[in-house]
Amino acid sequence: NTKLLVAGDGKELSNLRALAKKLGISKAVIFLGGVPQNMIYKYMLVSDIFLSLYEMGNLGNPIFEAMLMGKAIITLNNGGTGSVIKNEENGILLEEDQLEKLPDKIIELFEDEQKREKIAGGAFRYAEENFYTWERRLNIEEKNILQLM
């Protein structure tokens, strides 16, 4: 009953589609292609786990958005990700040479709802305590500009 939603239309999309077909899991993988920003939130709302597995660094808006939405995150510990994601507290960090553990970590989170909710809650709390809202950010910027003047 699990589906993998893959958002994005990068150069590996055709290879990923071919791999899903070769593995016989095409019905379980939904390739969304490029998704407008306003639609990403709708897909995140129906998701239990957020995966971010970029080779060159995973710390960026997709992780921040997943945290703000209180999603259990599994990501690679690269590009500064470990400065925000604390393993087993507000996400699960895998080293790049530990990708073979990914299926077990996903299954673990699906089977242990309490752990999944603990990590998702940790992600949301971190975001709430550390990320600025647009209003707060604008107020701080306005204050700084006025001080400079």
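Reader: Which residue does Lys115 form a salt bridge with, and how far apart are the closest N and O atoms?

Author: In this predicted model, Lys115 forms a salt bridge with Glu108, and the closest N and O atoms are 2.2 Å apart. To read such a contact, look for a side-chain nitrogen of Lys or Arg within 4 Å of a carboxyl oxygen of Asp or Glu. Salt bridges that share partners join Glu88, Lys105, Glu108 and Lys115 into one network.

Reader: How many salt bridges does a search of the whole structure find?

Author: The search finds 4. One of them is between Lys115 and Glu88, with 2.7 Å between the closest N and O atoms. This pair links distant parts of the chain: Lys115 belongs to helix H5 and Glu88 to the loop between S4 and S5, 27 residues apart. Glu108 also meets Lys105, at 3.9 Å from N to O. Glu108 and Lys105 are 3 residues apart in helix H4 (residues 102-111), so about one helical turn separates them.

Reader: How many aromatic pairs does the structure hold, and how do I read them?

Author: The structure holds 2 aromatic pairs. Read the angle between the ring planes: over 60 degrees counts as edge-to-face. Phe64 and Phe131 have ring centres 5.1 Å apart and planes at 70°, so this pair is edge-to-face. Phe64 is in helix H3 and Phe131 in the loop between helix H5 (113-130) and helix H6 (134-148), so the pair ties together parts that are 67 residues apart in sequence. The rings of Tyr126 and Phe131 have centres 5.9 Å apart and planes at 80°, so that pair is edge-to-face too.

Reader: How do Phe64 and Phe131 read on accessibility?

Author: Phe64 is partly exposed because its relative accessibility is 24%. Phe131, with a relative accessible area of 18%, is buried.

Reader: Which way do the residues of S4 point?

Author: Sort the side chains of a strand by direction, then check the cover on each group. In S4, Ala72, Ile74 and Leu76 point one way, while Ile73 and Thr75 point the other way, and all are buried. Strand S4 (residues 72-76) is mostly covered, with 5 of its 5 residues buried.

Reader: In what sense does S4 pair with S3 and with S5?

Author: Strand S3 (residues 49-52) pairs with S4 in the parallel sense over 4 bridges, and Ser52 stands opposite Thr75 in S4. S4 also pairs in the parallel sense with strand S5 (residues 92-94), over 3 bridges. There, Leu76 stands opposite Leu94 in S5.

Reader: What unit do S3, helix H3 and S4 make?

Author: They make a right-handed β-α-β unit, in which the helix is H3 (residues 61-68).

Reader: Which residues make the nonpolar surface patch?

Author: To be part of a patch, a residue needs over 30% relative accessible area. Leu16, Leu19, Leu23 and Ile25 make a nonpolar patch of about 340 Å². Ile25 is found in the loop between helix H1 (13-23) and strand S2 (29-33). At 37% relative accessibility, Ile25 counts as partly exposed.

Methods: Residues numbered from 1 in each chain as written. Heavy atoms only, no water. Buried < 20%, exposed > 50% of the residue type's maximum accessible area, 1.4 Å probe, protein only. Helix = DSSP H or I, 4+ residues; strand = E, 2+ residues; numbered from the N terminus. Pairing = 2+ DSSP bridges. Right-handed = clockwise from strand over helix to strand, strands pointing away. Patch = residues over 30% accessible without salt bridge, like charges linked within 9 Å, V, L, I, M, F, W, Y side chains within 5 Å. Areas by Shrake-Rupley, 256 points an atom, 1.4 Å probe, with all protein chains shown as cover. Phe/Tyr/Trp six-rings, centres within 6.5 Å; stacked < 30°, edge-to-face > 60°.
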